[in-house]
Amino acid sequence: MLTLLNICLTRRLLQSMLNPSSEQADRIARLFNYFNVAAGGMVLLVSGLTLYICIRFRSKKTTRHIPEQTKGNNKVEALMITVPGILLAFFFYQTVSVMHSVAPEPDHFPPPDVIITGHQFWWEVRYSAAGVTSANEIHLPAGKRVLLELKSADVIHDWWVPALRNKMDLIPGKINHLWLNINKADTYAGVCSEFCGAQHAWMRMNVMATDSTSYRHWLQEEAATALHPADSLSAKGSVIFAAKTCGGCHNISGTASTGQVGPDLTHFASREKMLGGIMPVTEENIYRWLSHPQEIKPGSKMPNFIFSNDTLKALSHYLGQLK
Ligand code: CUA
């Protein structure tokens with residue numbers, strides 16, 4: 001229980017609405033607070049009046065007759081129309097202006113900084129201008145306005161990073177957009193929040209916001225082709241990877257593997273987590289995953305190849321050094 005609490009309190013995993021961290025999140029949070037103040041005031045007013053009436057007009061032992069009855073009060077009625085009318089107009093204006101400032105202009109989009117495609121059950125992240133493709137970890141520059149293009153390869157998914165606020169659906173055959181101006185460099189946890197199948201709960205992502213120099217540096221590193229096998233075991237792994245047709249689904253830049261079905265593995269080992277957040281990227285975990293994928297993530301598109309121990313060792317060693 002304590003461990004769970006510890007994990008939840010670790011900022012990296014905390015998906016909190018109470019910590020708005022983008023320009024868009026700030027605006028939405030301010031509107032939300034206006035609503036809270038108005039609703040709180042209303043609750044206090046109604047419960048206060050109810051309490052007052054209960055005490056002031058309670059039945060007394062001396063007076064058993066029905067109290068004096070009144071009908072209609074123009075002043076009170078005028079007040080009851082004017083006050084809600086003003087509140088309604090205020091919130092209508094605020095809501096529309098926040099929607100306008102948060103949502104992208106529908107007519108002319110500049111080319112998106114990042115194209116995010118939802119898959120069952122992982123996030124494809126493509127930086128077209130830099131020729132970079134990654135998965136599940138979305139690196140973005142902090143303090144800069146970026147445009148996200150969101151689409152789906154199969155069913156409806158939903159982008160939601162609570163600290164960055166606005167959600168956006170990823171819909172097959174439709175392209176949606178999202179502006180983000182992240183306030184400060186940090187890691188923000190997010191999830192798919194539209195039920196999309198058996199492993200919907202393990203379709204997590206991390207938005208990693210860094211200063212623009214680190215961001216450019218990261219893009220350069222990611223744009224490079226994959227590292228060559230550093231030792232004989234990983235060389236054996238790379239040969240097996242090609243021979244067992246892993247490249248039919250996965251891309252490793254600089255090799256003959258150019259598949260586009262599963263996550264790009266060019267710099268796979270530079271990511272923190274694998275399988276949409278299930279486990280850290282380590283050789284042992286890759287070994288476990290390759291030996292029984294459908295037990296670890298049932299319903300994912302990864303087939304069980306029934307590899308021998310030696311094959312698994314070589315493959316996981318090769319994949320584990322793809323930094
Ligand atoms: Cu993708 Cu739920």
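Which residues of α3 are buried? They are F91, Q94, V98 and V102. Buried means under 20% relative accessible area, exposed means over 50%, and partly exposed lies in between, with a 1.4 Å probe and protein chains only. This is a predicted model: local features need pLDDT of at least 70, side-chain atom pairs count only at pLDDT 80 or more, and totals for chains, interfaces and linings use all residues. Residues are numbered from 1 along each chain as its sequence is written, and side-chain values use heavy atoms, with hydrogens and water left out.

**The whole protein**

- The protein has eight helices and 12 strands. Both are DSSP runs numbered from the N terminus: helices are H or I with at least four residues, strands are E with at least two.
- The radius of gyration is 28 Å, well over the 20 Å that the globule rule gives for 323 residues, so the protein is more spread out than a compact globule. The radius is taken over C-alpha atoms, and the rule is 2.2 Å times the number of residues to the power 0.38.
- Along the principal axes, the C-alpha atoms fill a box of roughly 100 × 50 × 35 Å.
- Of the 323 residues, 39% are buried.
- Among contacts with a separation of 6 or more, 65% join residues 24 or more positions apart. Contact means heavy atoms within 4.5 Å.

**Surface and charge**

- The protein exposes about 18800 Å², and carbon and sulfur atoms supply 63% of that area. Accessible areas come from the Shrake-Rupley method with a 1.4 Å probe; for residues, only the protein chains shown count as cover.
- There are 30 positive and 25 negative side chains. Lys and Arg count as positive, Asp and Glu as negative; His and the chain ends are not counted.
- The centres of the two charge sets lie 12 Å apart. Each charge is placed at NZ of Lys, CZ of Arg, CG of Asp or CD of Glu.

**Helix α3**

- Helix α3 covers residues 74–102, which is 29 residues.
- From its first C-alpha to its last, α3 reaches 42 Å, close to the 42 Å expected at 1.5 Å a residue. The expected span is 1.5 Å times one less than the number of residues.
- The cover over the buried residues of α3 includes α2 (23–56) and β8 (176–181).

**Helix α8 and the segment after it**

- Helix α8 (residues 309–320) has 12 residues that should span 16 Å at 1.5 Å a residue, and its end C-alpha atoms are 16 Å apart, which agrees.
- Nine of the 12 residues in α8 are buried, so the helix is mostly covered.- Those buried residues include T311, L312, A314 and L315. The buried residues of α8 pack against α5 and α6 (283–291).
- L322 lies in the segment after α8. At 0% relative accessibility, L322 counts as buried.
- L322 and H228 are 94 residues apart along the chain, and their C-alpha atoms are separated by 8.4 Å.
- Leaving aside neighbours within four places in sequence, the contacts of L322 include A226, L227, I252 and L265.

- The peptide bond from Q120 to F121 is cis, with omega near 5°. F121 is in the loop between β1 (114–119) and β2 (122–127).
- T245 is not a glycine, yet its phi is positive, at about 55°. T245 sits in the loop between α5 and β11 (273–274).
- T245 counts as exposed, at 55% relative accessibility.
- L275 also is a residue other than glycine with a positive phi, near 60°. The loop between β11 and β12 (279–280) holds L275.
- L275 is buried, with a relative accessible area of 13%.

**Loop residues and their partners**

- A198 lies in the loop between β9 (186–192) and β10 (204–210). At 62% relative accessibility, A198 counts as exposed.
- A198 and F121 are 77 residues apart in sequence, and 8.8 Å apart in space from C-alpha to C-alpha.
- Not counting residues up to four places away in sequence, A198 touches F121 and P298.
- T225 is in the loop between α4 (212–223) and α5 (232–243).
- Neighbours within four places in sequence aside, T225 is in contact with S253, G254, T266 and H267.
- T225 and L170 are 55 residues apart along the chain, with their C-alpha atoms separated by 29 Å.
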